Amino acid sequence: MNKQGPGKIDWTDFTWSPVTGCLRGCDYCYARKTYERFGMSFEPTLHENRMSEPARLKRASKIFVCSVADLFGPWVPDEWINRVMEAAYDAPQHTYQFLTKYPERLAGWGWSDNHWVGATATDQESMERAVAALAHVDAPVRFISAEPLLGPITADLSGLDWLIIGAMTGPGATPPEREWVQSVIDQARDQSIPVWLKENLHWPGRIQYWPAGWSDVMRVTA
């Protein structure tokens, strides 16, 4: 597992990658570019030797599952997902954060009280798909990650518990228009949805709220 902190993924404590690689081919994918830069394959791969990592971490932590893969991509076998879920069940002291660009597949799995389940939405179309699919997910925290935000979005967020907003990263990254970001923030606030702005937005004043009910780990600095 990789410990996170300033300058990394700021809404989690660790990333855990029992599955790596992705076939989606997003042109902004930082993970693929990193793997290719170091001459590593980005073909989807199951790593059995990493399954026990959460159990070896005794201190309760937030763990982002498969940060360099899409665990629910259509190319991922059910058996792989089952293995990851079993490993998470074996270490229930942690909070597991799942995120996918294929939210329609999420409803087919059983979620526990320590599972946060999210979908990526970069534009209007993907936001509508994500909101519709998450409505059928039975998890204590259902969230949207609007990262990278690639255009203006208008959505009914009332069924969500959390919203992350972030920018494209890496060489040649294009920042989102300020009004796109502000509009999504305003929509979330109007619907009482906690917002977490990624540091890569370089927003004036940090806005980082945890989902409601998780006040023991909520950090607000703006």
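Which strands and helix each supply at least two residues of the lining of the largest pocket? Strand S2 (14–16), helix H1 (30–37) and S6 do. The model is predicted: local features need pLDDT of at least 70, side-chain atom pairs count only at pLDDT 80 or more, and totals for chains, interfaces and linings use all residues. Residues are numbered from 1 along each chain as its sequence is written, and side-chain values use heavy atoms, without hydrogens and water.

**View 1. The largest pocket and its lining.** The volume is about 1,100 Å³. The lining counts 45 residues, with Ile9, Tyr30, Ala31, Ser67 and Val68 nearest the centre. A pocket is an open set of points on a 1 Å grid where a 1.4 Å probe fits, with protein on both sides within 12 Å along at least five of seven lines; lining residues have an atom within 4 Å of a point. H1 gives the most to this lining, 5 residues. By type, the lining holds 20 nonpolar, 14 polar and 11 charged residues. Here Asp, Glu, Lys and Arg count as charged, and Gly is among the polar ones.

View 2. Helices (H or I, at least four residues) and strands (E, at least two) are DSSP runs. All 6 of the 6 residues of S7 (residues 115–120) are buried, so the strand is largely enclosed by the rest of the structure. Buried means under 20% relative accessible area with a 1.4 Å probe, protein chains only. His115, Val117 and Ala119 cover one side; Trp116, Gly118 and Thr120 lie on the other. Strand S6 (residues 95–100) runs parallel to S7, joined by 5 bridges; strands pair if DSSP finds at least two bridges between them. Tyr96 stands opposite His115. S7 also pairs in the parallel sense with S8 (residues 141–146), over 5 bridges. Val117 has Arg142 as its bridge partner there. From S7 the chain passes through helix H4 (residues 124–134) to S8, a right-handed β-α-β crossover. Right-handed means that, with the strands pointing away from the viewer, the path over the helix runs clockwise.

**View 3. Aromatic contacts.** The structure holds 16 aromatic pairs. Rings of Phe, Tyr and Trp (its six-membered ring) pair if their centres lie within 6.5 Å; planes over 60 degrees apart count as edge-to-face. Trp11 and Trp162 have ring centres 6.1 Å apart and planes at 90°, so the pair is edge-to-face. These two residues are 151 residues apart in the chain. Both Trp11 and Trp162 are buried. Phe98 and Trp111 are also edge-to-face, with centres 5.2 Å apart and planes at 65°.

Conventions: Buried < 20%, exposed > 50% of the residue type's maximum accessible area, 1.4 Å probe, protein only. Points joined across faces, edges and corners; volume = space filled by probe spheres on them. Phe/Tyr/Trp six-rings, centres within 6.5 Å; stacked < 30°, edge-to-face > 60°.
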